[in-house]
Amino acid sequence: MAQYTKHPVSAPPTAPERESTGHLMLRGYAILVLFVTFAHSAVYNLLGQNGAAITLGVFTLATLAIGIPMLARNRPQPFRWRRLPWTALGYTTLALVSVAWSQWRGPTVITWVLLAAVTVNGLFIAHVLTWHEIVRALSSAFKWILGLSLAIELWVSLVLHGPLLPNFLTLPDGKIDPQWYWVRDNLFDGGRIQGIVGNANLLAIISLFAIITFGVLFAARARWRTTLALWMLLAAYFLFRTASATALVCAAAVGLVLVVALLMRRARTPGARTRIYVVAIGGTALAALSIWLLREPLLGLLGRSADLTGRSDKIWTKVLERAGEHPVFGNGFSSPWIPTDPAFDEWITDHGITVFHAHNMWLDVLLQLGVVGVLLMAVAYGTLLWRSWFFAVDRPRWDLDGERPFSPLTLLPSLFTVVLLVQGFSESTPIMLWGWMLLVLLSFKLKSVPLVGVGERDLLFERGARQRRVP
């Protein structure tokens, strides 16, 4: 039977290019790095302090071993030195220089090595992966964390029949504070669950990140959408069961920003955008004022006190007092605080445990690097918020074609940034470990590749996706 085609004989259709084995392995390695960074507390609870440090060190050395030869060969693309996140790197440099005046030199050196390792890995992932690959790698890392969290909760409840201590230590006789547990065995009794990361608040934020990531992939019509929907349901279940007030506020902020961004995408004139900005900013201000005035009953509904579970009275006051001793350049970098160091040991305690951060990123930076550090951090996050917002609401354009459709993937950086900034009011996580990695990774990628689809591999990805959708 004769076959008919609209393609000329000289240009038959071709299948999309397949990724090389080396690049697939590179993507797999990036997923491992992201998993180890986001689930660092799980590695700590499994291998202990020394094991967690060795694990992060091994991955950093591997990143350098892979990345330096790639830089020498300009693979997979020339490294954009001018597009580096210089403000974030300036903060990293100030943290190192603070050894000269640090009131706790040991913690400064130790935690700076941690900061430098996370910075290197963030720059590496931003350089070697496209926007599509970064989102897919984040998705895979979150799936592993959520899946293992469900597995360990089921194992503790159905097999162990009791709480689990870090490093699989034997439970002592008598009752101990639940804060010491890795997993509390609350899966079936209605209590807060902690998952593999061993912290309900941390699991809640990771679940929110996962919902955002799975959601943009679902909207981008990625493969296995039914599976993505199931993963979103699991993440939403964890978000609900962790009962984290901070994560719920972050989720509300994400919902508001998402609605405004989608409205901005539909606006056709500058005047329409201006009206959306006025309504959004005014509505946000009124909502923030209402929440502040009604904070006591609202926090009561969530089972929290008006002082944010002791933060304002027990933690922030003491941090401000010590920050006032060296207000300009701070007391010395240490993110997180080292609880065993004399400067922090039993300085601020909660449930008998020494607190290891200020539970507010801005107060933490003020304590460590003073007003100079706060200004650098404000510029770093301010520029990330600015770039990520217009990355989300401006139509992609790199030639004369001004009618390209918006990509759902461009929403992810702005939504992630909003989560980090809102979380920063009650936690210090956005300035260390995965919070700092996201700042470095997103800042570098937004500066070097400000449009999804720019670059040969991104264009090949889009062309291949279009070919697969053609009947």
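His127 is placed in helix α4 (residues 105–128), and with a relative accessible area of 6% it counts as buried, since the limit for that class is under 20%. In this predicted model, when residues up to four places away in sequence are left aside, His127 touches Leu71, Arg75, Pro76, Gln77, Pro78, Phe79 and Phe444. A further point of reference is Gly57, which is found in helix α2 (residues 40–72) and is partly exposed, with a relative accessible area of 31%. Between Gly57 and Leu114 the C-alpha to C-alpha distance is 8.6 Å, although the two residues are 57 residues apart in sequence.

With regard to the overall architecture, the protein contains 15 helices and 2 strands, and 48% of its 471 residues count as buried. The accessible surface amounts to about 23900 Å², and carbon and sulfur atoms account for 67% of that area. When contacts between residues at least 6 apart in sequence are considered, 75% of them join residues that are at least 24 apart.

The mean pLDDT of the protein is 86, and a value of 70 or more is reached by 86% of the residues. Among the elements, helix α3 (residues 86–97) has the highest mean pLDDT, at 97, whereas helix α15 (residues 456–469) has the lowest, at 44. Over residues 455–471 the pLDDT stays under 50, and for this stretch the model has 23 contacts beyond four places in sequence.

Aromatic pairing was examined next. With ring centres required to lie within 6.5 Å, the count comes to 23 aromatic pairs. One of these pairs is formed by Trp337 and Trp347, whose ring centres are 5.2 Å apart and whose planes make an angle of 40 degrees, so that the pair is classed as tilted, between the limits of 30 and 60 degrees. Both Trp337 and Trp347 lie in the loop between α11 (311–323) and β1 (349–350), and the pair therefore ties together parts that are 10 residues apart in sequence. Trp337 is buried, and Trp347 is buried as well. Elsewhere, ring pairs link Phe38, Phe142, Phe209, Phe416 and Trp434 into a cluster.

Rings also take part in arrangements with charged side chains. The ring of Trp347, already described as a partner of Trp337, has the charged end of Arg322 over it, at 3.9 Å from the ring centre. A corresponding arrangement involves Arg225 and Phe218, in which the charged end of Arg225 sits over the ring of Phe218 at 4.0 Å from its centre.

Side chains of opposite charge can pair when their charged atoms come close. In the whole structure, the search finds 1 salt bridge, in which the side chains of Asp394 and Arg273 meet with an N to O distance of 3.1 Å. Because Asp394 lies in the loop between α12 (361–393) and α13 (412–423) while Arg273 lies in helix α9 (residues 270–293), the pair ties together parts that are 121 residues apart in sequence.

Most residues other than glycine have a negative phi, and most peptide bonds are trans. Against this background, the peptide bond that joins Ser335 and Pro336 is cis, with omega about 0 degrees, and Pro336 is found in the loop between α11 and β1. Trp224, which is not a glycine, has a positive phi of about 60 degrees; Trp224 is placed in the loop between α6 (200–219) and α7 (225–242) and is exposed, with a relative accessible area of 67%. His359 likewise has a positive phi of about 60 degrees without being a glycine. The position of His359 is in the loop between β2 (353–354) and α12, and with a relative accessible area of 17% His359 is buried, whereas Trp224 is exposed.

Technical notes:
Residues numbered from 1 in each chain as written. Predicted model: local features only at pLDDT ≥ 70, side-chain atom pairs only at ≥ 80, totals over all residues. Heavy atoms only, no water. Phe/Tyr/Trp six-rings, centres within 6.5 Å; stacked < 30°, edge-to-face > 60°. Helix = DSSP H or I, 4+ residues; strand = E, 2+ residues; numbered from the N terminus. Buried < 20%, exposed > 50% of the residue type's maximum accessible area, 1.4 Å probe, protein only. Lys NZ or Arg CZ within 6 Å of the ring centre and 35° of its normal. Contact = heavy atoms within 4.5 Å. Areas by Shrake-Rupley, 256 points an atom, 1.4 Å probe, with all protein chains shown as cover. pLDDT = per-residue confidence, 0-100. Salt bridge = Lys/Arg side-chain N within 4 Å of Asp/Glu carboxyl O.
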